[in-house]
Amino acid sequence: MLKDGEDCCGTCPFNGSGNGNNHPSKDRKDLFCEIRRFVIQEPSKTYCNNHPFRNPLWMRKARGPIWAAIHISFDSKPLRGDIKLPAEVVPPQGEGNYFRIPYYSLVRPARGEAGVCVVCGEAKEESVVLLLERDKKFFCSTAHYFEWWLQTDPRGVTYQKRIPLGTDALNCRFKTVPEKLAEGMSVLEDGENEWLMEALIEVDELLLELRNGKIELMHDFLEKEDPELDLPRFWENLSYYLQEIQNELTVVGDLLRHEKMDYQEITRSVNNITRSVGGYLRQEWRN
Ligand code: SF4
Ligand SMILES: [Zn+2]
């Protein structure tokens with residue numbers, strides 16, 4: 001699990017400071033996100049899925065919401081059981097003391113004063129507060145903030161309508177990856193890298209979806225203590241091939257950003273991805 005802050009705006013190459021600042025000052029007010037176009041108020045406590053930790057190809061298309069850290073004490077209620085989150089809206093995990101909740105458009109939710117929860121009506125001495133232009137909203141917990149956000153934030157509403165794909169559907173898409181990568185490689189020597197990039201982006205997106213699905217299963221396991229699920233084997237299966245693909249995406253992403261293309265290294269890296277995709281699918285088939 002990441003240490004809180006390792007994957008924050010302060011260490012992100014898109015924070016406008018040149019190449020990420022590894023020791024972001026809490027008070028630093030001059031960081032500006034080049035992708036989301038906003039002034040980052042608390043770089044060490046703000047996150048998103050465009051950070052290279054979750055975006056190995058450094059894609060500039062915004063992925064999911066911006067997240068703010070909120071003290072874990074507000075993670076006091078469960079999310080409503082019928083809510084199914086697509087991968088992009090699952091909070092990126094951090095270290096123990098903080099939970100992550102999405103910005104409301106570009107407004108940052110924060111720990112604040114006493115208030116009555118707009119979702120359940122519970123009065124709290126301290127609440128999650130959202131300061132809107134003409135209004136102030138209070139929430140008893142991160143779960144109730146999240147539920148309200150999904151119904152109210154314009155982006156939250158669109159996410160709620162998207163049903164997460166099951167593992168079988170994702171694996172079917174994964175099967176088409178080797179062919180797409182081969183097509184991308186066939187034109188790379190002519191200096192045409194768009195096809196390859198497209199295939200790699202698809203791998204990256206599938207990875208996000210697949211990992212997320214598995215992690216949710218892991219949560220299910222912990223909650224229900226399902227004796228049928230062999231957790232250590234399951235966890236190993238999850239980590240090996242998908243982790244290999246993730247690592248290799250970072251390598252090939254880096255190679256493709258270089259001005260002078262190292263064709264041999266790119267070939268090696270893409271071949272590794274193809275092999276790991278094959279390994280992952282064989283493993284899924286055996287299971
Ligand atoms: S909001 Fe995302 S892309 Fe922008 S600086 Fe922060 S982590 Fe990077
Ligand atoms: Zn509430």
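Student: How many helices and strands does the secondary structure of the chain come to?

Tutor: Helices (H or I, at least four residues) and strands (E, at least two) are DSSP runs, numbered from the N terminus. In this chain there are 7 helices and 10 strands. The model is predicted: local features need pLDDT of at least 70 and side-chain atom pairs count only at pLDDT 80 or more, while totals for chains, interfaces and linings use all residues. Residues are numbered from 1 along each chain as its sequence is written, and chains are lettered from A and ligands numbered from 1 in the order in which they are written.

Student: What percentage of the 287 residues in the chain do buried residues make up?

Tutor: A residue is buried if 20 or more other C-beta atoms lie within 10 Å of its own, exposed if 12 or fewer, and partly exposed in between; C-beta atoms are placed from the backbone. Buried residues make up 31% of the 287. Arg36, by contrast, is partly exposed, because 17 other C-beta atoms lie within 10 Å. Arg36 sits in the loop between strand S1 (32-33) and strand S2 (38-39).

Student: Which residues have the most contacts inside the largest nonpolar core?

Tutor: In soluble globular proteins, nonpolar side chains tend to be buried together. A nonpolar core is a set of buried Ala, Val, Leu, Ile, Met, Phe, Trp, Tyr and Cys residues joined through C-beta atoms within 7 Å. The largest has 30 residues, and Cys9, Ile70 and Ile101 have the most contacts inside it. Among the elements that give two or more residues to this core are strand S4 (66-71), strand S5 (98-102) and helix H1 (142-152). Domain 1 (1-63) and domain 2 (71-164) both contribute residues, so this core lies between them; the domain bounds come from an automatic or database domain assignment.

Student: Which elements do the buried residues of H1 pack against?

Tutor: Two residues are in contact if their C-beta atoms, placed from the backbone, lie within 7 Å. The buried residues of H1 pack against S4, S5, S9, S10 and helix H2 (154-161). H1 is mostly covered, with 8 of its 11 residues buried, including His144, Phe146 and Trp149.

Student: Which residues come nearest to ligand 1?

Tutor: A residue is near a molecule or strand if its C-beta atom, placed from the backbone, lies within 6 Å of it. Of the 13 residues around ligand 1, Cys9, Cys12, Cys33, Cys48 and Asn50 come nearest. The largest share of this shell, 3 residues, comes from S3.
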